[in-house]
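Here are my notes on the structure, written as numbered points for someone at the start of their studies. Please keep the sequence and the 3D view open while reading.

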Amino acid sequence: EVTMNVTDRGYEASAATIRAGVPVRLTLTTDNTKGCTRVFTIPNMNITETLDETGTKVVEFIPTKSGRLAYTCGMGMYTGTFTVIN
(Lines give C-alpha, C1' and ligand atoms only; values in the text may rest on other atoms or scores of the structure.)
Protein backbone atom coordinates (compact mmCIF):
# COMPACT_ATOMS: atom_id res chain seq x y z
CA GLU A 1 0.00 0.00 0.00
CA VAL A 2 1.28 3.42 -0.98
CA THR A 3 -0.33 6.76 -0.17
CA MET A 4 0.34 9.86 -2.20
CA ASN A 5 -0.53 13.44 -1.34
CA VAL A 6 -1.34 15.41 -4.47
CA THR A 7 -0.73 19.15 -4.12
CA ASP A 8 -0.64 22.09 -6.50
CA ARG A 9 3.15 21.69 -6.53
CA GLY A 10 3.49 17.97 -7.17
CA TYR A 11 3.30 14.54 -5.59
CA GLU A 12 4.50 13.24 -2.21
CA ALA A 13 4.55 9.42 -2.04
CA SER A 14 4.86 7.42 1.18
CA ALA A 15 7.15 4.93 -0.59
CA ALA A 16 9.62 5.21 -3.43
CA THR A 17 10.25 1.49 -3.87
CA ILE A 18 7.74 -1.17 -4.93
CA ARG A 19 8.12 -4.83 -5.93
CA ALA A 20 7.65 -6.37 -9.37
CA GLY A 21 4.79 -8.86 -9.45
CA VAL A 22 3.27 -7.56 -6.20
CA PRO A 23 -0.08 -5.70 -6.43
CA VAL A 24 0.13 -2.01 -5.52
CA ARG A 25 -2.80 -0.20 -3.96
CA LEU A 26 -2.06 3.50 -4.51
CA THR A 27 -4.30 5.92 -2.60
CA LEU A 28 -4.17 9.43 -4.09
CA THR A 29 -5.33 12.19 -1.74
CA THR A 30 -6.18 15.76 -2.71
CA ASP A 31 -7.08 18.70 -0.47
CA ASN A 32 -8.26 21.76 -2.40
CA THR A 33 -5.83 20.80 -5.16
CA LYS A 34 -6.10 22.72 -8.40
CA GLY A 35 -4.26 22.55 -11.68
CA CYS A 36 -2.65 19.85 -13.76
CA THR A 37 -1.58 17.62 -10.84
CA ARG A 38 -5.21 16.50 -10.63
CA VAL A 39 -4.64 14.44 -13.80
CA PHE A 40 -2.38 11.63 -12.55
CA THR A 41 -0.82 9.28 -15.07
CA ILE A 42 1.49 6.28 -15.11
CA PRO A 43 2.11 6.10 -18.88
CA ASN A 44 3.82 2.68 -18.93
CA MET A 45 0.85 1.12 -17.13
CA ASN A 46 -1.77 2.95 -19.28
CA ILE A 47 -3.19 4.56 -16.13
CA THR A 48 -4.81 8.00 -16.22
CA GLU A 49 -6.99 9.25 -13.38
CA THR A 50 -8.69 12.61 -13.04
CA LEU A 51 -8.88 13.48 -9.36
CA ASP A 52 -11.44 15.60 -7.53
CA GLU A 53 -10.19 18.87 -5.99
CA THR A 54 -10.68 17.29 -2.56
CA GLY A 55 -10.96 13.58 -1.90
CA THR A 56 -9.28 10.24 -2.41
CA LYS A 57 -9.03 7.81 -5.27
CA VAL A 58 -7.53 4.33 -5.21
CA VAL A 59 -5.55 3.02 -8.17
CA GLU A 60 -4.47 -0.62 -8.26
CA PHE A 61 -1.81 -2.05 -10.55
CA ILE A 62 0.90 -4.71 -10.68
CA PRO A 63 4.35 -3.62 -11.83
CA THR A 64 5.72 -6.31 -14.13
CA LYS A 65 9.45 -5.55 -14.41
CA SER A 66 12.21 -4.00 -12.36
CA GLY A 67 13.55 -0.52 -13.05
CA ARG A 68 12.02 2.92 -12.86
CA LEU A 69 8.28 3.44 -13.22
CA ALA A 70 7.51 7.09 -13.94
CA TYR A 71 4.35 8.99 -13.04
CA THR A 72 3.41 12.48 -14.12
CA CYS A 73 0.68 15.07 -14.21
CA GLY A 74 -1.45 15.47 -17.32
CA MET A 75 0.82 18.19 -18.73
CA GLY A 76 4.12 16.52 -17.85
CA MET A 77 5.16 19.43 -15.59
CA TYR A 78 5.23 17.44 -12.33
CA THR A 79 6.89 14.05 -12.33
CA GLY A 80 8.15 11.32 -10.05
CA THR A 81 9.24 7.69 -10.14
CA PHE A 82 8.88 4.48 -8.26
CA THR A 83 11.86 2.16 -8.20
CA VAL A 84 10.61 -1.34 -8.97
CA ILE A 85 12.71 -4.15 -7.49
CA ASN A 86 12.47 -7.94 -7.83
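Predicted model: local features only at pLDDT ≥ 70, side-chain atom pairs only at ≥ 80, totals over all residues.

1. Asparagine 46 lies in the loop between β5 and β6, the latter strand covering residues 47-50. Although asparagine 46 is not a glycine, it has a positive phi of about 55°. Its relative accessible area is 75%, and it is therefore classed as exposed, the cut-off being over 50%.

2. The C-alpha trace spans about 35 × 20 × 20 Å along its principal axes. A compact globule of 86 residues would have a radius of gyration near 12 Å, and the protein chain, with 12 Å, agrees with that expectation.

3. The contacts and surface of the chain can be summarised in a few values. Among contacts with a separation of 6 or more, 58% are made by residues 24 or more positions apart. Of the 86 residues, 35% count as buried, while the chain exposes about 5,100 Å², of which carbon and sulfur atoms supply 46%. There are 8 positive and 8 negative side chains, and the centres of these two sets lie 8 Å apart.

4. In soluble globular proteins, nonpolar side chains tend to be buried together.

5. Leucine 26 is found in strand β4 and is buried, with a relative accessible area of 0%. Leaving out residues up to four places away in sequence, leucine 26 touches Val2, Met4, Phe40, Lys57, Val58, Val59, Phe61 and Phe82. By C-alpha positions, leucine 26 and serine 66 are 18 Å apart in space and 40 residues apart in sequence.

6. That last pair can be set beside another one. Valine 22 and isoleucine 62 are also 40 residues apart in sequence, and their C-alpha atoms are 5.8 Å apart in space. Valine 22 lies in the loop between β3 (17-19) and β4, where it is partly exposed, with a relative accessible area of 40%. Beyond its neighbours within four places, valine 22 touches Phe61, Ile62 and Pro63. Phenylalanine 61, with its own neighbours within four places likewise left aside, is in contact with Ile18, Val22, Pro23, Val24, Leu26, Ile42, Met45, Ile47 and Leu69.

7. Are the two threonines at positions 37 and 41 buried or exposed? Threonine 37 is in the loop between β4 and β5 and counts as buried, at 1% relative accessibility. Threonine 41, which lies in strand β5 (residues 39-42), is buried too, with a relative accessible area of 11%. Not counting residues up to four places away, threonine 37 touches Val6, Thr7, Asp8, Gly10, Tyr11, Leu51, Cys73 and Tyr78. On the corresponding count, threonine 41 touches Ile47, Thr48, Ala70, Tyr71, Thr72 and Cys73.

8. Threonine 54 lies in the loop between β6 and β7. Threonine 54 and asparagine 32 are 22 residues apart in sequence, and C-alpha to C-alpha they are 5.1 Å apart in space. With residues up to four places away not counted, threonine 54 touches Thr30, Asp31 and Asn32.

Conventions:
Residues numbered from 1 in each chain as written. Heavy atoms only, no water. Rg over C-alpha atoms; globule rule 2.2 N^0.38 Å. Buried < 20%, exposed > 50% of the residue type's maximum accessible area, 1.4 Å probe, protein only. Contact = heavy atoms within 4.5 Å. Areas by Shrake-Rupley, 256 points an atom, 1.4 Å probe, with all protein chains shown as cover. Lys, Arg positive; Asp, Glu negative; His and termini not counted. Charge placed at Lys NZ, Arg CZ, Asp CG, Glu CD. Helix = DSSP H or I, 4+ residues; strand = E, 2+ residues; numbered from the N terminus.
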